[in-house]
Each structure stands twice: as structure tokens, then as C-alpha cells.
Amino acid sequence: MWIYIVEGDETDKDRIVQIVAGRNAQTRWFSDAASFLSQCSALPVGIVVIDICLPDLDGLELQKQVNRDCERSHKVVMLAGDCDISDAVAAMREGAIDFLKKPIRRAELLDAIVRAEMAISEQQQAARRERQQDRVMTGLTEREIDVLKASALGQSSKQVAHALDLSTRTVEMHRSNIIRKLGVPNFASALVLYASTGTAASNITRLKTA
């Protein structure tokens with residue numbers, strides 16, 4: 001995991017590096033906002049630790065620009081010497097993981113780093129599920145998707161046919177097409193693949209309440 005430190009005070013930067021040293025993280029220091037913004041869009045996803053009092057730009061403004069112009073998956077931890085509650089509220093509203101007051105306390109910073117890592121991991125898992133969903137759904141007709149969703153309820157071909165106002169033979173034909181298009185050995189495998197996308201549960205709930 002990358003940790004980007006945007007901090008004008010080299011002593012505070014060294015303290016942060018020392019604290020996170022045991023987390024098997026790679027760190028990179030930027031002494032001002034401009035140097036980070038000039039490179040942020042090309043940087044790997046990571047945690048951005050921002051001092052609210054930077055030499056060239058307010059830390060809250062930098063956070064807004066990171067959200068707007070940089071990798072959206074970056075997670076921000078904000079630091080401040082004189083902590084103002086309105087600043088903390090503004091940072092959290094913009095999606096900061098935490099707003100920590102200086103002097104930097106080891107336990108507080110590590111806790112924020114862990115939560116940021118978990119948030120990034122959850123985002124990456126969600127992105128993988130979306131890609132899997134695209135792979136499952138691409139190439140299937142609308143009716144085939146309907147059959148797949150209804151079958152995920154555990155219904156037989158006859159029950160699916162009744163629910164979709166189709167003949168049982170037509171449902172079986174759609175199931176065969178789904179197997180062929182997804183490249184799986186049987187329809188049960190197609191259902192497992194569909195469930196792995198993370199969309200099946202929400203679709204099942206929707207169908208049950210329809």
C-alpha cells in the first residue's frame with residue numbers, strides 16, 4: 001500500500017514515516033500541494049496524509065482537488081495543529097477517513113491508516129465484482145437475464161416459465177443459451193457465476209417484493 005505524505009514540516013513527515021514503517025507500506029513525501037497535484041493522477045491508489053496548513057494551499061482545498069482531479073480511490077487522512085471543529089466537519093464531509101490533531105499520536109494514526117486500507121480494499125473488491133458482472137451480463141439477451149435472475153430464486157423451469165409467461169421449453173432453451181454464452185458446464189455453474197457478481201442478492205430481493 002502506498003502512503004503519500006503531503007506535509008510541509010519535515011519533522012512531522014519523519015514522524016509519520018517512522019509510525020507507518022512497520023506496515024510494509026511504501027511512502028512518498030510531497031512538501032507542498034502543487035508537487036502532489038502535478039503527479040496525483042498517475043500515482044497508484046493509496047492513502048494521502050494531508051497537513052491542513054500547507055505552504056501553498058489549504059489542506060481542505062487540496063482534499064477537494066484530490067477528489068475532483070486525482071484517483072478517486074485515494075483515501076485521505078487529515079492532520080491539523082490547531083484543530084477547528086468546522087475544519088474537521090468539512091474534511092469528513094469530503095470523505096476523509098479521519099481528522100487528527102497534532103502532535104501526531106502513533107495509535108491514532110495507525111488506526112486511521114488501517115481504516116483507510118480497509119476502505120480501499122472494499123472499493124477494489126466492489127470494482128472486481130462490477131467487472132465480473134459485466135462479464136456475466138455481456139452477450140446475454142434481456143430475456144436470458146430475466147431467466148437467470150428468476151432461476152436464482154431456486155425456481156424450477158416450470159416455475160420460471162409461469163413467472164415470466166413463457167413455455168417451459170422456451171425457458172430450457174434460454175438456459176441452454178446461457179450455459180453456452182457463459183462457457184460453463186451446466187446451469188448450476190451459471191448461477192454460481194451470477195451469484196459471484198454481488199448483484200444476485202439485490203435482484204432476488206427485488207423479485208421477491210415485486
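In this predicted model, the charged end of Lys 13 sits over the ring of Trp 29, 4.5 Å from its centre. The criterion for a charge over a ring is NZ of Lys or CZ of Arg within 6 Å of the ring centre and within 35 degrees of the ring normal.

On the ring–ring side, the structure holds 4 aromatic pairs. Trp 2 and Tyr 4 make a stacked one, because their planes meet at 5° with the centres 5.8 Å apart. Pairing here takes rings of Phe, Tyr and Trp (its six-membered ring) with centres within 6.5 Å; planes under 30 degrees apart are stacked, over 60 edge-to-face, and the rest tilted.

Tyr 4 also pairs with Phe 36, this time tilted, at 6.1 Å centre to centre and 50° between the planes. Since Tyr 4 belongs to strand S1 (residues 2-6) and Phe 36 to helix H2 (residues 33-37), this pair ties together parts 32 residues apart in sequence. Helices (H or I, at least four residues) and strands (E, at least two) are DSSP runs numbered from the N terminus. Trp 2, Tyr 4, Phe 30 and Phe 36 form one aromatic cluster.

Trp 2 is partly exposed at 25%. Buried means under 20%, exposed over 50%, and partly exposed in between (1.4 Å probe, protein chains only).

Residues are numbered from 1 along each chain as its sequence is written, and side-chain values use heavy atoms, leaving out hydrogens and water. Local features need pLDDT of at least 70 and side-chain atom pairs 80 or more, while totals for chains, interfaces and linings use all residues.
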